[in-house]
Structure formats: C-alpha cells, structure tokens
Amino acid sequence: MASQLPPEHTAALQQLLEGLASSDNARRSSAEESLNSDWVANRPEFLLLGLAEQMGNAPDIRARSFAAVLFRRYASKSVQKDGETKELFLSCSPALKTHVRNLLLRNFADETNGSTRHKIGDAVAEIARQYADADEPWPELLQALFQASKSPDPSHREGAFRIFTTTPGIIEKQHGDVVQKVFQEGFADPNKEVRLSAMEAFAAFFRSLKKSAQKQYYGMLPSILHVLVPFKSEAETDNLSKALMALTDLAETSPIMFKPMFNDVVKFAISVIQDKDLGDQTRQNALELLATFAEVSPNMCKKDPNYATEMVTQCLSLMTDIGIDDEDASEWNDADDLDMDESDLNHVAGEQCMDRLANRLGGSVLLAPTFQWLPRMITSSAWRDRHAALMAISAISEGCHDMMKGELDKILDLVIPMLRDPHPRVRWAACNSVGQMSTDFAGIMQEKYHDVVLRNIIAVLDSPEPRVQSHAAAALVNFCEEAEKEILEPYLDDVMKRLLNLLHNDQKRYVQEQSLSTIATIADSAGPSFARYYSTLMPLLFNVLDRPLDESSKDLRTLNAKAMECATLIALAVGKEAMGQDAIRLVNVLGRIQQSVADPDDPQGSYLMHCWGRMCRVLRNAFLPYLPAVMPPLLELASAKADVHLLDDDEQIAQLEQEEGWELVPVRGKFIGIKTSALDDKYMAIELLVIYCQHLEGAFEPYVATVMKDIALPGLSFFFNDAVRVASAKLIPQLLNSIKKAHGPTSPQLGEIWSVTIRKVIEALASEPAVDTLAEMYQCFYEAVDVAGPNCLTAEHMTAFVTAVDKCLGEYQNRHEMRLADAQKPEDERDPEDEMLYAIEDDQTLLSDMNKAFHTIFKNHGISFLPYWERLVNYYTSFIRSSDETMRQWALCIVDDVLEFCGHDSFKYQPHFAEPLMAGLADPIPANRQAACYGIGVAAQNGGPAYADFCAASLERLFAACQHPNARLDDHVFATENACASIAKILKFNANKVQNAQAIVEHWISTLPIVNDDEAAPYAYNFLADLIEQQNPAVTSRVPQIFDAVVQAIDAETIQGQTAERAIATVKNLLRATGANVQQIASQMPPERLNTVKRIMA
C-alpha cells in the first residue's frame, strides 16, 4: 500500500527509527532529541501516520515491532490543544484518525510474525482504549476482532483475545449470546496459547460488567475450568500459573459464580499445591486462588467439607519448605541482611495464607484442623516441622484470638519449651510466637503469664546465635509495649544486665541496634523506675552519638539513629530533673547530628524528627531556643506536595515497580505513580507539629500563621493520603489554642485566623469522601469551636454546617438502606460480614462525633442555633423512632442537647421527641436508655414549668429503668445512675406536678448509690444533702443506708470537691442528730471500704 506521507518525511522517519535503535549513544540521543523536539512538537500527525505505515511496510521484523512500540507510547502522550489536555492520537484530525486506525487493523490482520502481531495488537488496544474513554465509536474494530478470533492462524486468534483483555469495554454492549459464543470457541481452541488468552480476556471482560450482567455468564465456568486441566496433566507450569491468576481474578469479582463447582475447584487447586513437580509460583498461585475465596466468600469456604482441613494441611506443608541446603542454619545465622525479601518463598506463602485464613474464617473453623497437626509437629525430630508449628501459632493468633485466649495455658505449654530447642531456627520461631502472642493477647499475656514468659525469653538473650539473640530482644519489645511498670519491675535488673551485654558485643551490629530498641521500649514502659539504669546507659549512648560519622562509616547510621531513639525515650521516662545538664547536652548532640545529615536516605533524618518531639515534651518551654533549628526541616516535610507522576511508558512503570515507597494506580489505561514514602514523611511531620503545639501552647505562636496557611488547611483536602488529612484535622484546634493562649480569647489575632479556618473546616465536612476520616473532620470542627468559644459561628457558618450535615445524613441513610438490602440476600451473595461490621462501626463513630459537634454548638450558641437546626428536624423524627439503635442514639443525644442548652425554648419541639424520649427509658440498648434518662433530667432542670407534666409522667418509667434486671452490670450501670440523678433533678427543680412527692423521695433513696458516673453523681448527692438539711423523714429513718451511699460515692470518687465536702458534712450532721452508731454501721460494710469511713469521720 502506497504511503500517504511525502517521500522526504518517510525517509526522515526511517532514519529516525534507525537512530533510535542504534547502539551508538550519541546517535541515539540525537534521534531522541529530534523525536521529541521536532516530530512530537511540530508534526505529530506525520509521526503517528508514519509509524502506522512502518508497522506494515518495513521489511525488517524488528523495525515493524519497534514502530508498533513507539506508536503505542507516543499515541498516548498528553498534549495541549484548543485549551484542553488530550492524548496525542485523539488530538489529530478526524480524517487522519480514520486512516490510521484502518492501517492498524490491516497491519494486525496481515502480520505473519506472532511477536510482532502482539505488539501491533497492543497498539490497536491503546487506540481502542482512547476511543472508549472518550465515548467515541470505532465501528470497524469489533468485527475485525471477531474475524481474527476465527482466523486459521492461532497467533491471530490469540492476538484478538489479547486485545479484548486490554480493552474489555469494546464488547460490553454486545448481545450476551454473541459474546458467549466467541469465548466458548476460545476456551475450546486446539491451541493452548489461544485457550489461555481467551481465559484471561474473559476474566477482564467479566470484571468490567455490572453485577446484574454477570449472572448470564455463570454457566461458562465448566468450560473455563476445563482449560486448566490439560495444563496440569501436561505439566505446563507457566500456562497453568497464568490460568490460575485469571481464575483468581474471577473469584475476586464473583465468588458466587463458583458455588455449584466449588468443591471441584478446591480439589483441583489442592492437587496443584501438592504437586512438587510444578513450579513454586504455580503452586503458590493455586494457594492464592483458595485464599481469595476465604477473603471474599468465607461462608462458602466454611460450608465446604474439605476446604479448611486441606488448606491447613497444605499451608503447614509449605511452611516446612525452609532452609534447604542449610541444615544447621549456619548460612542463615551468618547473614547480615535481615530484611532480605522472602515473599516468593513457599514457607512465607504458607505463613501468610494461615494468617489470612484465621482472620477470615476464625477459630471455630481453623483451630481444629490446625491443632490436629501442631502437637505432632512440635514434637517431631525434624526441626522444620517444629519451626512450622511455631510459625503457624504466630500466624493464627490474631484471627483466632477469641477462642485461643481461653487456651493460652496449653498453647504456652507447647511454645515455651521450644525457647530451649537445640536448633537455632526453632528457638527463633519460638521467640516469634511469644512476641506475636504478646501483641495479639495483650493484657492477659502480661498480667497472667508474665513470669513464665519473661523468665524464659530473657534467658534466650544468652543464646550463642546473634539472630536468635536479636529476635528474643524483639519479642521483649512486643511484651513490654503492653506491660504495666509494676509487672516489669521485678525483671528489670535481669533483662537490663543481658541487654547491656549485647550492646557491648559487636559481633553483629543488628544485635546492638535491636538491643537499643528494646531498652528504649523498656524505658518507655517502666517510666521513672528506669532511672536507676540512667547513669550506666546514658554515657554509653553519648559515646555512640559523639562518634563522628563519615562516608566510610555509613553502615553505623542506623545504630546512631537507634541510640538517639533510646536516649530520648529514656529522657522521657526519667524526666528533665533526673537528667540535669544531660538534657541540654542531648539536645545539642541532636542539633549537631541534624547539621551532618545530608543524604536523603540517611535513617538518622526520620529518627531525628521524633527525637526532637520527645525532647520538646521533656523540656517544654526550655525547648524554645532550639525551635529555630528544628522547625525548618520539619516545615519542609510537612508542606511537601504530593510527588505524583503520569507514567507514559512501560520502562517508567517497570522502574517504579522495582523501587520501594511507590504506589502505582491504574487510570484510563495509564498509571499514576504516587511516592507514598514522601506522604508518610509528610504525615509524620504534621503529627510532630501537633506535639509541639500541644506542649508549647502560646510559645508556638510565631509559627502558627505559616503552619495554618501552608500546612494544616491545605492538608484537609490532601486527597492523596487519608492520614495526612487526619493529622491536619488534629493540628488545627491546637494551632487555634496557641493563638488564644498567646493573645487571649477575644483578641483580633484569634478572630482573624478563625474566620479563614472555620470556613475551610466546614468545606472539609462537605467534601471529605472517607467515612472514618469524615469523623475526624467533625472532631476538628467541635474542638475548634470549643477553642474559639461563645458566639464564634456566624449565620453563614451555621447555614454551611447544617448543609454539610444534611448531605452527610443523607449519605448515611443510603448506606444504612444498602446494608439492610444486603442482609436480605442469600448468605453467599452478601458482602463479607467483617467488612459490614467495620462499615457500621465507622458510621457509629461518625454519628457520635457529629453529635459532639451539635453539643458544642448548642453549648456555645444556645437558642441562636435553633433556626438552623430546624432544617434537620425530619431526620430526628425519623431516626428517634427507628428500629436501628445507632439512629435512635444519635437522635436522643441531640434532643438532650436541645433540652440542656435551650431550656424552655425547646418546648415548641416537644411533639417531635416527647413520646420517643419516654419510650427510650425502656430501650433495650443501655446507651440509649442512658441518653433518654439524661434528657428527662435536663428537661426537669432547664425546661421550666412547661415540662412539669412531662417530668411527672416520666417518674414511673425512670424507677423502672433503675430496676432493670441488669441495672448494676457494667453495660447498664450508667443508664441506671442517670435515671437516679434524673429523678433527683425532677424532685429538686420541677416537682410542681409530682403526686405524693414524699413517697417518691422515699422510693428514690433506694436507687442510690452512684459509683460510676461522676457527672450524674453531684446532682443526686446535692439533692440528698438538701433532704438531710431539711431533716426529711426519708433520710432520718434510713441513716445506715444514707451513710453507706455517701461512703461508696466518696470511695469511688464520683463526688469530689465541694459536693463531697457538703455530702460528708451533712451525713455527719445526720449521724449526730439521730445518734446513730457509726461503728455498728461500718461493721456491716466490706473491709476495703473502712479506710474511707475513717477518712470521712476524721
């Protein structure tokens, strides 16, 4: 076919391609410069047309392939045209686009070399993707691909399915029968590569469909599974591996599709995992397929008779595939790189799978098949079996927590002896188990098992192998992080003696580094009692930190960083006074190190930031002279922009895939690369700014304007990273407080920064997409309003706030309705239960923080907020009568705020809440019952005479709430005590309509004491003091009961200050007036309460 390009352009392009392919660097660089500055910039249409022609006309296979690769790369380049950003191909003229796409299809049909056809197919797929994204048609494409799928040439058929894989959207709108026919023919193709491509294309196509459209293709599963069987029987390990990946894609998309054949799938995948003649990657892909089912459809896995038993067996088998050719672990122990990537090894795949199974299936399913094996394995003569058993315990302890915590005695009986195993890798695994269990069973491990754990793990620090020493020290970190200082105290001398020995042993630097981390953790947990080791440790740490580092000693930087961490955590533990002049010396050392850090990869840099934060907490205002040196690098990190790259070609993508700290996000056929390591640094820096602001308060004021403008407020809309937005939300109230402390609550400085800040915060309430982060935004709002104080919100602010809340509640209702609809589906079609529970928990937190926002507004603005609040009354009316406990609680709490802060002005809304509030007194949910009780109490206290009938009518139900069968149990006691306090408020503030008040008072005495709720208690005990002062017969006839109620409240510290003093004085007067025998009354009390009696009577 004759070229449409002028001959001189064709010749120039051929010369360009030769230059780009040249091995001569100078010639290739010159060609690249010409390509970008001339062809792309000045004649892009000639470039794309010429490359399309070269795909078909170049006599050399390599030239045709190279032209196809270049075409695909440059067709997707972004260019500016008519004020819009477009991809290069779509920016071309309609006539050229039509001609080029016809050339592409002709080249694809005519190419005889399979590899080159694949590259041309990739170019076709790129143009198809661009048309699909732009919602423009390419009418000839689909027919050409359907024809290619029937071609006698297998590579042509394969090429068609490869294009379908890349751009499945082009067949989405076709009739289902047509699509099924094409894929069924592909699955039955005589050529194995075509069958595999058809399977991969179907997985991509199926994933692109809406759920409602997927069901019509469920029946194709037998044909799909049939593709895998020959690959296994013929040991086609690479093809089988790819097919399993496609099948995993289908399982993630629609596990319900597999339900009729799930047992067959399990048996086939297990047979692949068992077959050691297949490659490790293939066996791991089969494991991944089955693990995916556990994650997306745990109920289907639980119901299968073979799944759990077979999966546990295969995981444990894979976990024994470790340390081949290293029987005595000498190579393992000699290694210096402890961070070597082992994620592709069988034993790691087995461990990770056990963890996933435990988290998704739970102990009721997994423990029985696991412990069918573990006792045998842990007593095996083969060290690999013992190692696998211990690592399995580590892997499942989090997911099986609820069932394992009751069996810890038996489990530790298996694990603890292994700390003395003759093989070092088994001892290492035992340390790993102890460390993991110390985290997963935090609290019970430290309180109940501290002696057996610490005595045995401390002894392992004396092991001859450095890796075992290091891991024992790491396990101590896990244990000590969760331990109270009283538990650690008896073991400190023993553990510190051994850790100091490890510090002095320079056999392996990683042992010294871990020892420093462990000492730092122990200091943090032990607190001031760590001071006795200060004089020994701090000189050692100064010796390390004072040592100059240069290029030849780069490998010491991590040790230095750990020493800084250890020194500053010790400083935090022992305090400024105990450090004396060392505190200033340490800060000066940190300053010197900061000046020496030039390499961005130097670990000392990130450690320094946290060390400065700790020293600020130690020194407080004495830290101020060092702020000018500390702040610039911190502000630079905190204000960093997102490092985001649009990746145009495969080389860039491949390069970033190999680098740590990058996340690749697919977007419209391309990838966006986001440097997540920089985002982590930004988050950490903002967190440290929160610490400085909290501890320096007004002294931080010189930095507030810059931090607010450049970091905190922009951070609220930093959508690349949730953690950055959360940290920014925590920072804002602290910055406002700093201005308030420095200039005063009514200062123009606070007013100026407030007006800008509150507008941005309310904007964040309306725009935040993540539910859990939105809760943090509401917390930011109410803490900021609390700082700014009364009448800080304008009418504009209140309107915008209510608009944001309206939007939020509407979205919450939609989520709630979707969950209700999901609950009506068959069990296997529902969303995973734990995902639903997490979503419910996030919504509960959101509504709780929204409630606090309303509480804060009403507290600071009172009735002026009511006109804006009225816009939301329909939500209250709906929610307060809802069958959903979260909705009821949300509505009840806001009604409480209206009653508390709006007094008699709230009465106009009584029709909306009177009946539900009364019904709430019998709510089965204790928190809702508490809210209803509290609401009636504040109505009595603040509502005035208008509420008298309502309050009197509520008494019977309040007494019923006090007599709930579980009234004094932990979950219910706050509701009970609020009911008691509310009865007291009615009797004290609003008793006009109460019938037979004296009988009510006598009945009320029996609802005391209040020993948990220190907000409710003062109302009850002040009313009790009133009764005593009035010499009411209800108290004079019940002196022992009254005295005991006061003693219990004093003992529990629910009343303090003036309330406690008044209660004590009046009860002593009561004792004197009635001549009651205190000793006789006290003799009936529990012994632990007698000290309080003595204190009262002193």
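1. The charged end of lysine 682 sits over the ring of phenylalanine 718, at 4.9 Å from the ring centre. A charge sits over a ring if NZ of Lys or CZ of Arg is within 6 Å of the ring centre and within 35 degrees of the ring normal. Arginine 376 likewise has its charged end over the ring of tryptophan 373, 4.7 Å from the centre.

2. The model is predicted: local features need pLDDT of at least 70, side-chain atom pairs count only at pLDDT 80 or more, and totals for chains, interfaces and linings use all residues. Residues are numbered from 1 along each chain as its sequence is written, and side-chain values use heavy atoms, with hydrogens and water left out.

3. The structure holds 40 aromatic pairs (rings of Phe, Tyr and Trp, the last by its six-membered ring, with centres within 6.5 Å; planes under 30 degrees apart are stacked, over 60 edge-to-face, the rest tilted). Phenylalanine 781 and phenylalanine 801 are stacked because their ring centres lie 4.6 Å apart and their planes are at 10 degrees.

4. Phenylalanine 781 belongs to helix α42 (residues 771–788) and phenylalanine 801 to helix α43 (residues 795–823), so this pair ties together parts 20 residues apart in sequence. Helices are DSSP runs (H or I, at least four residues), numbered from the N terminus. Phenylalanine 781 has 0% relative accessibility and counts as buried (under 20% relative accessible area, with a 1.4 Å probe and protein chains only; exposed is over 50%, partly exposed in between). Phenylalanine 801 is also buried, at 0%.

5. Tryptophan 869 and tyrosine 909 form an edge-to-face pair, with 4.9 Å between centres and 85 degrees between planes. Tryptophan 869 is buried at 3%, and tyrosine 909 is buried at 4%.

Key: Helix = DSSP H or I, 4+ residues; strand = E, 2+ residues; numbered from the N terminus.
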